[in-house]
Amino acid sequence: MTGANGFSVSGYGPERAGWTRLFARDSLARRLDWPILFAAIALSFIGAALVYSATRNRTELNQGDPYYFLFRHLLNTGIGFALMIGTVWLGHRTLRTAVPILYGLSVFLVLLVLTPLGATVNGAHAWIIVGGGFSLQPSEFVKITIILGMAMLLAARVDAGDKAIPDHRTVLQSLGLAVVPILVVLLMPDLGSVMVMVIIVLGVLLASGASNRWIFGLIGAGALGAIAVWQLKILDEYQINRFAAFANPKLDPAGVGYNTNQARIAIGSGGLFGTGLGKGSQTTGQFVPEQQTDFVFTVAGEELGFLGAGLILLLLGVVLWRACRIARETTELYGTIVAAGIIAWFAFQSFENVGMTLGIMPVAGLPLPFVSYGGSSMFAVWVAIGLLQSIRVQRPMSA
Amino acid sequence: MTNIPETGRTPRVQIRLVVIQILVLSLLGTLGGRLWYLQIRNGDEYAKEASGNHVQQVVSPAVRGSILDARGVPIADNETRLVVSASRTDLSKMKDDGAAVLAKLAGVLGMKAADVRDKVRLCDAKTPQPCWNGSPYQPIPITDEATPKQALQIRERAEDFPGITAEPQAVRRYAAPGKANTAQVLGYLSPVTDEEITKAEDSDSPYLRSDQVGRSGLERQYDSELRGKAGVTRYEVDNLGRVIGQAESDKAEPGANVVTSIDSRVQRVAEYELNEAMKVARTEFDKNTGENYKADSGAVVVMEAKTGRVVSMASNPSYDPNAWVGGISGKDYTKLTGKASNYPLLNRAIQGQSAPGSIFKVVPTAAAINAGYSFEGPYQCGASYSIGGQVFKNFESKGYGPISLGRALEVSCDTVFYGLSHAEWKKDGGITPKKNAKNWFYKTAHQFGLGKETGIDLPNEVAGRVPDRQWKQDYWKANKDAWCKSGKKGGSYAQQIAYENCLEGNRMRAGDSVNYSIGQGDTLVTPIQMATIYGAISNGGTLYDPSVGKAIISPDGRTVQEIEPKSHGKLPMTKSTRDAIDGALAGVATRGTAAWRFDGWPQDKIPMHAKTGTAEVYGKQTTSWFATYTKDYTVIMTISQGGTGSGASGPAVRKIYNALYGVSEDGKIDQKKALLYTPQKNLPKVQKDGSIDSPKAEVYPPKEEEQATEEGQQQVAYDNPAATVPNTGTGTDRNTRRRSARHPKKRRRSLA
């Protein structure tokens with residue numbers, strides 16, 4: 001298996017000419033997971049509409065152009081789509097060889113944030129201003145490299161047939177690989193990303209078949225860590241406030257609780273059908289802060305109603321459902337682990353993002369995959385889709 | 001598992017993947033459930049909250065209806081003022097928050113830029129006055145004293161003054177036409193309270209925060225008619241309060257006008273003559289107390305006898321109702337409600353109650369006849385009447401021998417009524433009443449409408465009191481503990497009274513029934529009750545509910561809702577009794593106790609009937625009562641601590657009649673000079689545009705006399721008619737504030 005050229009996968013059936021080859025049995029087109037692709041595209045386009053609605057009259061942000069964010073969101077989607085194609089073309093196995101470089105690069109970028117090059121947005125020192133109105137959030141890419149790096153270490157000996165499950169040393173190594181960037185991100189502090197990364201680590205370990213002791217140990221360590229963070233006041237005041245306000249938004253309706261309260265009002269007022277795109281008073285009146293990014297789901301809730309917001313959940317469900325199938329059906333552990341990491345990432349991030357707008361999760365600055373405005377996030381999730389497609393394309397047909 | 005892995009896949013991984021899948025889907029399920037809970041189950045609640053979030057109301061107050069006198073002369077109306085206001089919504093859209101515009105505006109208005117800025121800033125904990133503590137979406141008045149020139153400058157250069165408006169606005173004015181101030185009858189307004197807003201929220205006429213509410217008098221009684229409906233424009237706003245659209249708007253509907261039966265000319269005469277009479281009384285020496293009469297308060301009612309309509313109602317001490325306009329100052333409020341000023345807010349014609357004295361005697365007269373006594377009698381009018389050693393004297397201890405009831409009324413013989421009441425008391429069982437006690441004297445008083453409100457269309461009327469056996473029982477129950485505690489046998493007079501009351505205060509004693517028969521003791525009446533009774537005697541027996549409101553005319557003048565006279569019963573007497581009493585009361589005016597006051601009255605043309613009363617009050621000087629009527633009018637006057645009925649009140653009542661009928665001192669009638677020779681029947685004329693014709697008001701008394709008498713006027717709380725109110729408005733009423741301390745003089749002139 002070369003995997004270097006995904007478009008002429010060798011070893012599966014005779015070569016055919018023209019477009020028929022594209023749809024022939026075992027062809028790439030037949031092997032691609034179309035539902036996941038369509039769901040991702042649909043989510044991105046719905047996101048574009050929601051971002052447009054949330055920003056069209058925010059003159060202080062959109063520089064007087066109501067379509068500014070719409071255009072940028074579509075551009076991000078396009079770039080993300082291209083990144084996905086590139087990922088599929090390269091194949092996750094090829095990328096496997098490049099993992100050390102990618103990992104090193106992403107950790108370097110994350111470290112760069114801590115230097116004077118880093119910028120603070122909404123209390124999180126998590127950005128690098130590239131210039132030209134672009135900025136990077138390296139923690140988004142670290143999510144991918146943690147998955148790839150851990151998968152590489154954990155699967156190496158299993159896929160080689162040496163072991164049935166990763167041994168303790170390998171697990172320890174892989175944990176060390178994850179802890180480095182997680183600590184850096186914690187220092188930013190970007191608590192939301194840290195939470196996602198911890199869940200990713202958990203998902204990866206689960207899928208790797210690592211001993212149950214590791215799993216429970218990690219969960220226990222996480223709980224202890226959370227208590228320590230709480231008790232030792234490692235968190236900033238604003239982060240603790242966010243937690244308190246989530247528990248009871250009425251404690252401080254003008255302050256931190258304002259966000260959650262307004263978000264809940266926006267979603268609640270949508271009803272079954274919503275007010276219609278661009279007609280939501282909460283959205284038009286800009287009552288919900290960060291509505292094009294972290295709170296984008298509130299636009300869907302208010303303007304598209306239960307049906308629209310439910311559709312987003314359904315599409316996310318399609319992505320996750322298909323990803324689970326891909327994880328289960330691939331034969332090599334490496335692919336399984338990567339898919340599981342992506343599942344953990346998408347699932348937790350979606351749950352946290354939507355959950356906080358619905359008032360069942362604490363507020364954390366996390367984007368909703370595909371839907372929220374934001375380049376780094378969009379690129380990362382599309383690369384992840386590329387990885388999932390690659391895993392599916394390269395698995396042997398089970399028939 | 002359908003596909004068993006070929007390489008290195010353990011079942012453990014497969015199981016864990018299934019667990020992950022289940023976990024992931026249950027997370028999504030949780031989100032879906034929560035979404036359903038918020039949007040479908042509680043959706044309405046949040047929708048309501050959202051609309052409260054983004055809608056702001058701007059209220060344009062309705063013009064309050066006018067209160068007019070019977071001829072259409074406004075006694076409470078609105079005056080237009082040029083109010084310059086700034087819209088914060090517009091100013092906040094400018095780069096400098098409107099600072100430049102405000103500075104320019106200050107230049108035009110001749111104010112300091114800083115002052116203008118301060119006026120439009122919003123009040124908060126750190127911002128001292130002046131600041132705006134109303135709604136930020138409400139235009140904020142900067143001045144209500146703009147000149148037309150200034151207003152024109154602002155309006156012509158509207159592009160230079162974005163967000164600034166210069167518009168005429170209506171503020172309440174109590175015009176006091178011809179100096180008839182009618183204060184207590186009109187009442188006053190004050191801003192609506194939070195409590196009232198909440199209470200009226202779901203009613204037909206909810207209040208707006210900017211509303212002024214009638215607090216007393218006609219302003220309160222006819223508040224819902226006068227108030228109109230404020231216009232409300234609802235704006236959709238964003239999170240910073242910027243307007244992003246107009247939701248809906250209701251136009252303001254002006255309030256209806258209320259035409260009253262008050263004749264402001266007669267009102268002026270009544271107020272003036274009452275005040276004069278009190279001034280004169282204060283110069284009279286009271287030999288009982290050894291000092292001049294205090295004449296601390298008084299009231300006059302002039303009522304149409306055949307309808308119960310009040311032509312004038314004066315209460316003294318009085319005040320300037322304009323003090324309430326635009327929010328009353330703390331100082332003025334203390335003055336108006338304090339003891340030192342003797343509570344000028346009280347309308348003593350309906351809220352002042354005291355023992356009626358001899359003007360009560362028409363009641364026992366009717367009672368005696370109902371009990372079976374004859375009108376002619378004769379009854380012994382002795383100098384005194386004794387019951388078991390206790391001596392009840394006749395007035396001035398003079399006897400008239402055996403006389404009829406009619407003559408007893410004429411000369412106001414007390415002993416005749418003592419005897420009759422005492423006899424009835426005994427017949428009823430004396431101190432231990434029989435089961436079927438008739439209680440004629442008390443029953444008749446109730447039938448006359450005493451002891452309960454007359455039902456006049458003014459708020460807070462008091463009921464007076466008929467001290468019958470039931471009342472004695474109730475009163476004793478309520479007070480016996482205090483009496484028994486303070487009472488002492490053989491102690492001071494007050495202690496002894498308390499001791500007696502403790503023992504048998506629940507029982508009607510012989511002395512009680514004797515005192516009651518001449519309107520003394522615990523008997524209490526209001527002037528309006530007596531007006532109702534004497535009016536009924538005049539009109540043949542119908543007890544009318546006195547009324548001030550005559551008609552409600554819609555602001556466009558198209559619908560006129562007349563307020564018809566209502567009656568609450570008939571006098572308990574036959575026509576012949578009525579005629580006999582009528583004759584006796586005419587006798588009072590011609591040859592009885594009031595004759596000296598009606599000397600030269602054209603009795604043949606305008607038959608006058610009268611009854612005097614001088615009521616004793618424990619610890620105080622006597623109350624002067626004077627009850628009179630002709631075929632059209634009844635006039636009741638009372639002066640507390642004023643002396644005798646005819647002495648203190650007589651001249652004033654005579655002068656009121658002189659003015660009504662155009663009678664000169666020598667008895668000649670000049671109908672041209674008569675203010676109201678016959679009662680005003682017609683309503684004022686309403687023009688097609690809804691405006692109401694209003695004749696000019698003359699000044700009473702004529703100039704030369706006025707100057708001589710007006711000086712040295714001693715009215716409490718009325719001595720400062722401008723009642724300067726400093727700018728301490730309570731915020732919501734800012735746009736109706738109408739006075740500042742700066743130009744009170746100028747304003748007064750504009751009112752005249």
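In the predicted model, helix α11 of chain B is largely enclosed by the rest of the structure, because 15 of its 18 residues are buried. This helix, which covers residues 264-281 of chain B, reaches 25 Å from its first C-alpha to its last, a span close to the 26 Å expected at 1.5 Å a residue.

Elsewhere in chain B, helix α14 (residues 362-370) packs with helix α17 (residues 440-447), and the axes of the two come within 8 Å and cross at roughly 120°. The crossing in which α14(B) passes α17(B) is right-handed. On the α14(B) side the contact is formed by B:Val363, B:Pro364, B:Ala366, B:Ala367 and B:Asn370, which meet B:Trp440, B:Phe441, B:Thr444 and B:Ala445 of α17(B). By class, this contact comprises 7 nonpolar and 2 polar residues, with no charged residues.

Chain B also touches chain A, with 40 residues of chain B in contact with 50 residues of chain A. On the chain B side, the elements that give two or more residues are α1 (11-41), α2 (43-54) and β8 (231-237), and the largest share, 19 residues, comes from α1(B). The residues of chain B on this side divide into 18 nonpolar, 13 polar and 9 charged, whereas the contact of α14(B) with α17(B) has no charged residues.

Definitions and conventions. Residues numbered from 1 in each chain as written. Chains lettered and ligands numbered in written order. Predicted model: local features only at pLDDT ≥ 70, side-chain atom pairs only at ≥ 80, totals over all residues. Axes fitted to C-alpha atoms, helices over the stretch in contact; angles between N-to-C directions. Helix = DSSP H or I, 4+ residues; strand = E, 2+ residues; numbered from the N terminus. Left-handed = near helix turned anticlockwise from the far one by under 90°. Contact = placed C-beta atoms within 7 Å. Nonpolar A, V, L, I, M, F, W, Y, C, P; charged D, E, K, R; others polar. Expected span 1.5 Å × (residues − 1). Buried ≥ 20, exposed ≤ 12 C-beta atoms within 10 Å, placed from the backbone.
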